[in-house]
Amino acid sequence: MILWLLKRLLQAVLVMVAMSIIVFVGLNVIGNPVDILISPDADQAERLRVIAELGLDQPLVWQYVGFLKAALHGDLGNSYVFNQPALQVILQRMPATLELAVIAVGFAALVGLPLGLYAGLRSESWLAKFLMAGSILGFSLPTFWIGLMLIMVFAVQLGWLPSGGRGETASLFGLQWSFLTADGWRHLLLPALNLSLFKMALIMRLTRAGVREVLPQDYIRYARARGLTERRVISLHVLKNIMIPVVTVIGIEFGSVIAFSVVTETIFAWPGMGKLIIDSINVLDRPIIVAYLLLIVVVFVWINFAVDVVYTLLDPRVRLGEKGSAR
Amino acid sequence: MVQAKAQRESSPLLSVRNLRTSFQVEGRWTRVLNDVSFEIGNRQTLAVVGESGSGKSVTAMSIMRLLPPATSRIEGEVLFRGRDLLKLPSEEMRRIRGSDIAMIFQETSLNPVYTIGFHMVETLRQHRNLSAAEARREAVALLDKVRIPSAASRLDDYAHQFSGGMRQRVMIAIALACNPKLLIADEPTTALDVTIQAQILQTLRDLQAEEDMSILFITHDMGVVAEMSDRTIVMYHGDAVEEGETRRIFAAPGAPYTRSLLAAVPRLGEMAESPGPSRFPVIDRATGAVVTPAASGSVPDGSAPIVLQVEDLVKRFDIHGGTFGGLTGRVHAVEKVSFDIREGETLSLVGESGCGKSTTGRTIMGLTSPTGGSVRMEGREIGSLGRRELRMTRRRMQMIFQDPISSLNARMTVGAAIAEPFLVHKLGGKAQARDKVAYLLERVGLRPDMANRYPHEFSGGQRQRISLARALILDPKLIIADESVSALDVSVKAQVINLMLDLQSQLKLSYLFISHDMAVVERVSHRVAVMYLGEIVEIGARAAVFGNPQHPYTRKLLSAVPVADPDQRGQRRVEAGELKSPVRAVDFVPPGREYREVSAGHWVQLADNRSW
């Protein structure tokens with residue numbers, strides 16, 4: 001177990017190093033941030049001074065080595081734009097994205113699982129067929145379009161909910177959170193719903209497929225033959241066996257919401273990390289981009305780790321860190 | 001009042017009258033059980049026997065009302081202690097399941113993600129008003145009752161941490177949780193090894209006496225029927241074709257189908273008189289008349305050329321594990337195995353799971369490379385051959401497997417599947433291949449026009465015939481048959497074996513027949529090799545090994561086989577014991593073995609201090 005953990009950590013570090021190299025090289029190819037940062041009428045001396053200050057006069061390799069050295073001390077560089085440590089800029093935006101992601105995925109699971117369960121158990125009923133047909137819409141309609149429709153209906157036409165922004169926030173652990181206030185919740189609702197629809201459809205279909213697969217198994221027939229109530233058969237014997245794929249998807253989707261909620265954040269003017277990264281790419285704010293991508297790697301590594309641990313809790317036949325043992 | 005009680009005592013525990021079950025298939029109701037009626041008295045055992053699709057499991061599921069209500073219809077009466085189960089409200093029926101009537105299935109039916117303790121406690125608490133702690137104590141007592149060693153510590157283990165036999169014991173313990181009056185056992189020992197099966201049957205018999213319960217035993221195995229039941233009901237296509245006392249059914253079967261079924265059952269010991277293999281008699285299912293009587297096959301004489309010679313064959317598999325994935329042990333799957341097979345001869349390898357019989361076959365075929373030893377096919381050492389010569393030699397031996405579904409490509413017509421090896425080895429053109437396929441299909445008892453069909457259009461027995469045809473297209477000398485008839489129904493099994501024997505005498509084929517089924521082995525072999533933990537412990541002429549078994553393991557194996565003769569019941573007792581594992585430490589050196597010649601060609605390994 002400990003060895004497995006160490007292996008995992010080592011893998012994570014390797015991924016992060018590889019990631020930083022790709023980003024460094026890639027960004028160098030795209031263009032020179034100096035062109036964007038300095039006003040066009042600055043003279044050559046001013047230009048050289050800024051280049052030297054940002055360390056861009058060094059060869060790329062040395063730039064990278066310098067970055068690595070600083071990174072080991074927890075310093076991922078200063079943002080060219082904000083003139084603050086890049087990590088700090090990102091962490092300021094992180095709560096907004098995190099709470100949006102948690103609520104969206106939680107919502108998807110809370111709705112998708114029961115609906116999928118129903119659709120699996122009563123697959124012949126018209127409601128189940130309706131749900132399955134509806135889930136295809138959830139897959140295929142583009143997020144931005146649904147977001148616009150939500151704003152049009154609930155914010156513009158009905159006027160029930162605000163169309164953007166975080167609303168009132170309250171402080172917890174020194175960070176600002178929307179979910180602690182009623183107004184914050186009103187602001188959260190639409191973007192969270194928009195993000196969760198796709199995942200809801202996915203979880204629902206997965207759950208249904210799992211139920212259809214588990215129901216004919218011998219152990220379900222055996223559970224019924226032991227006189228267990230139908231409720232117990234479903235909630236314990238069926239549910240636990242279908243959770244592995246569902247947990248996997250929840251993990252992946254959670255990661256992707258944190259990393260790639262750009263579209264929704266832009267539409268709902270949600271001041272999260274997604275919006276920040278798009279802005280930073282536009283102005284080639286290298287330290288922010290690098291720090292952001294490294295942070296995302298860390299997030300994914302942790303989510304995968306958590307999912308693996310949950311596997312072992314769900315299925316005793318899964319053993320961490322063992323391979324190729326006989327039979 | 002007193003009268004009513006007395007009446008209940010004398011009336012049967014379960015009385016099934018005109019049970020009729022239909023399934024809805026694609027909108028149409030199809031009858032799968034036709035007016036089945038029977039009774040089970042107190043402490044009685046009734047066996048329901050039949051081949052696949054006969055409706056024996058549906059009978060049990062109908063009694064328990066476990067069929068999906070939307071797509072099934074159950075009519076008739078199921079009187080259990082005077083109450084009609086079919087008319088009970090579903091909640092009351094649920095309370096009867098697992099308490100008054102308990103059920104056991106094949107041992108793989110425990111939910112893999114819960115501990116066995118979880119299964120036991122939930123069953124106990126569902127039906128009996130127990131606290132969690134009381135239920136746990138009761139669970140330990142139950143595991144003790146079915147003789148699971150150190151029961152308390154095994155409660156938190158999962159099903160996959162138990163052996164097959166132990167899992168079945170756990171299921172029996174769960175069934176006993178609420179002192180059932182009736183136990184329905186649906187093929188509980190089908191997937192178990194014979195010695196383990198014998199132990200489980202013994203346990204069931206002992207517990208039946210202790211617990212005062214009746215058993216409804218569903219099986220396809222006539223040997224198990226003879227071993228277990230007081231009364232027997234024979235099913236065929238949803239009809240109960242015969243019902244009566246087990247002894248009577250075996251001694252004087254009334255229905256033609258029963259007669260044909262019993263004729264297809266090999267009985268251990270019935271071959272003592274004849275030296276060679278023997279065809280099963282063929283009996284018409286409708287009339288019961290004998291179509292072709294049993295006939296003995298030929299015995300190759302000592303001058304017949306040796307086809308396959310195996311000497312000191314060794315196959316080991318490395319096990320990696322531990323912190324750094326290093327070598328932690330080895331599976332000694334095959335350990336110094338030597339034998340030879342003559343032209344037209346059948347040598348059987350018998351043993352229980354994990355004894356290395358299949359690995360021996362696969363290693364000879366070259367599907368895995370041997371760790372040591374030599375294999376000579378018609379005098380040519382296989383290990384020394386070049387690529388081309390190896391291909392030539394491969395043609396001379398072919399293999400057929402247990403499961404023809406997975407060994408035939410579902411998207412290829414059977415004609416193409418049979419012709420494929422012929423074309424791969426470039427033995428002729430397409431037209432020649434087509435002619436040969438037609439000829440072979442006829443030869444294995446199918447029609448040449450069937451070549452254009454796909455595997456799923458055939459039954460299990462027909463698919464095995466197709467596998468045989470595919471093996472024969474290269475004109476092999478030797479066929480390795482790895483559990484080739486094990487999954488087939490009794491009557492189909494008899495037909496395929498008859499076919500194999502016919503082909504042997506016509507084409508002078510040699511067979512290496514790998515099987516766990518002692519009765520079938522006795523029927524088909526000229527010589528037998530008994531394997532245990534990778535080694536041959538006894539080898540010799542079939543009549544010698546079966547008639548005069550010398551090695552303790554051979555004797556144990558023979559005594560564990562259920563004999564399809566109720567008069568021989570209960571004469572043997574099998575001592576408890578688990579199958580041992582061939583996994584050894586890295587530095588393990590296999591001890592040298594010595595063999596003693598009992599009679600001409602009958603060798604037995606000198607027993608060491610192992611317990612058998």
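This is a predicted model: local features need pLDDT of at least 70, side-chain atom pairs count only at pLDDT 80 or more; totals for chains, interfaces and linings use all residues.
The buried positions of α16(B) are B:Ala433, B:Lys436, B:Val437, B:Leu440 and B:Leu441. Viewed down the helix axis, these buried residues of α16(B) fall within an arc of 135 degrees and therefore line one face of the helix. An α-helix has 3.6 residues a turn, so residues three or four places apart point the same way. The cover over the buried residues of α16(B) includes α15 (414-424) and α17 of chain B.

Helix α16(B) spans residues 430-443, and its 14 residues reach 20 Å from the first C-alpha to the last, close to the 20 Å expected at 1.5 Å a residue. The helix is followed by B:Gly445, which has a positive phi near 85 degrees.

Chain B also contains an open sheet of 8 strands with mixed pairing, ordered β18-β19-β20-β15-β21-β22-β25-β24. Strands β18 (397-400) and β24 (595-599) of chain B stand at the edges; each has a single partner strand, so one side of each is left without a neighbour in the sheet. On average, neighbouring strands of this sheet are turned by 20 degrees against each other, direction ignored. Within the sheet, β15 (residues 346-350) and β20 (residues 510-515) of chain B run parallel and are joined by 5 bridges, with B:Leu349 opposite B:Ile514 in β20(B).

Two helices of chain B lie across strands of this sheet. Helix α18 (residues 490-507) lies across β15, β19 and β20 of chain B, at about 155 degrees to β20(B).

Definitions and conventions. Residues are numbered from 1 along each chain as its sequence is written. Chains are lettered from A and ligands numbered from 1 in the order in which they are written. Side-chain values use heavy atoms; hydrogens and water are left out. Two strands pair if DSSP finds at least two bridges between them. Helices (H or I, at least four residues) and strands (E, at least two) are DSSP runs, numbered from the N terminus. Axes are lines fitted to C-alpha atoms, for helices over the stretch in contact, and angles run from 0 to 180 degrees between N-to-C directions. Contact means heavy atoms within 4.5 Å. The expected span of a helix is 1.5 Å times one less than its number of residues. Buried means under 20% relative accessible area, exposed over 50%, partly exposed in between (1.4 Å probe, protein chains only). The arc is that of the directions from the helix axis to the C-beta atoms.
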